[in-house]
Amino acid sequence: MDIPAEGSNIQIQSYKHNGSIHRIWAETKVLKATNHMVIGGNDRTLVTEADGRTWITREPAICYFHSDLWFNIISMIRDDGIYHYCNLGSPFVYDREALKYIDYDLDVKVFPDMTFTLLDEDEYEHNRKLMGYPDVIDHILKKNVDKLVRWIRQRKGPFSADFIDIWYDRYLTYLR
């Protein structure tokens, strides 16, 4: 797998299980990239939905993707604290066109006080039947929801006290 260059801008593309495009983030600055992990930052980036609608993100965000995990984490920096939006999805791939993953509908929203809510279970069940998610995917995703909850409770990775501060500071150095 290719690795995006640190300091470069990349596009992020999420797909559905059936191969259709789900959402595209036009530009994310690569803050760190290895064979297994990409950390990026963006602010007021253009997002295009599958139906062509567009919108602009409202706040700075630090994005965490891992090639061995079936979730990614978008940490949004707001005036009242950091909100984490966690997408259950396939591990990412990067192919010089974009960082890509399959979005599997389930999401976990984490609030600044580290309470969290599992979202979109109905959408997941609907799409699981509609697109025929294999049982092995269902098992992997449920196992990764558990892993994600452990990370939240243990304040691991993007949920640790300093993680977002460190990477947001790095992001700001690219804006100067």
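Colleague: What do the buried residues of H1 pack against?

Modeller: Strand E10 (99-110) and helix H2 (135-154). Packing here rests on contact, meaning heavy atoms within 4.5 Å. Helices (H or I, at least four residues) and strands (E, at least two) are DSSP runs, numbered from the N terminus. Keep in mind that this is a predicted model, where local features need pLDDT of at least 70, side-chain atom pairs count only at pLDDT 80 or more, and totals for chains, interfaces and linings use all residues. Residues are numbered from 1 along each chain as its sequence is written, and side-chain values use heavy atoms, with hydrogens and water left out.

Colleague: Which residues of H1 are the buried ones?

Modeller: In H1 (residues 121-131) they are Tyr 124, Asn 127 and Met 131. Buried means under 20% relative accessible area, exposed over 50%, and partly exposed in between (1.4 Å probe, protein chains only).

Colleague: How do you know where around H1 they sit?

Modeller: From the arc they cover, which is only 75 degrees around the axis, so they lie on the same side of H1. That arc is taken from the directions from the helix axis to the C-beta atoms. The face turned away from the buried side has exposed residues, Asp 122, His 126 and Lys 129. Just after H1 comes Gly 132, with a positive phi of about 65 degrees.

Colleague: What makes the phi of Arg 96 worth a look?

Modeller: It is near 75 degrees, a positive value in a residue other than glycine. Arg 96 belongs to the loop between strand E9 (93-94) and E10.

Colleague: What about Asp 135, and why?

Modeller: Exposed, because its relative accessible area is 62%. Asp 135 is part of helix H2, and its C-alpha lies 35 Å from that of Ile 164, 29 residues apart along the chain.

Colleague: Zooming out, what makes the radius of gyration agree with a compact globule?

Modeller: The globule rule is 2.2 Å times the number of residues to the power 0.38, and the radius is taken over C-alpha atoms. For 176 residues a compact globule would come near 16 Å, and the protein chain has 16 Å, so the two agree. Along its principal axes the C-alpha trace spans about 50 × 35 × 30 Å.

Colleague: How many helices and strands does the protein chain have?

Modeller: Three helices and 11 strands, in the order β-β-β-β-β-β-β-β-β-β-β-α-α-α from the N terminus on.

Colleague: How much of the protein chain counts as buried?

Modeller: 47% of the 176 residues. Among contacts with a separation of 6 or more, residues 24 or more positions apart account for 47%.
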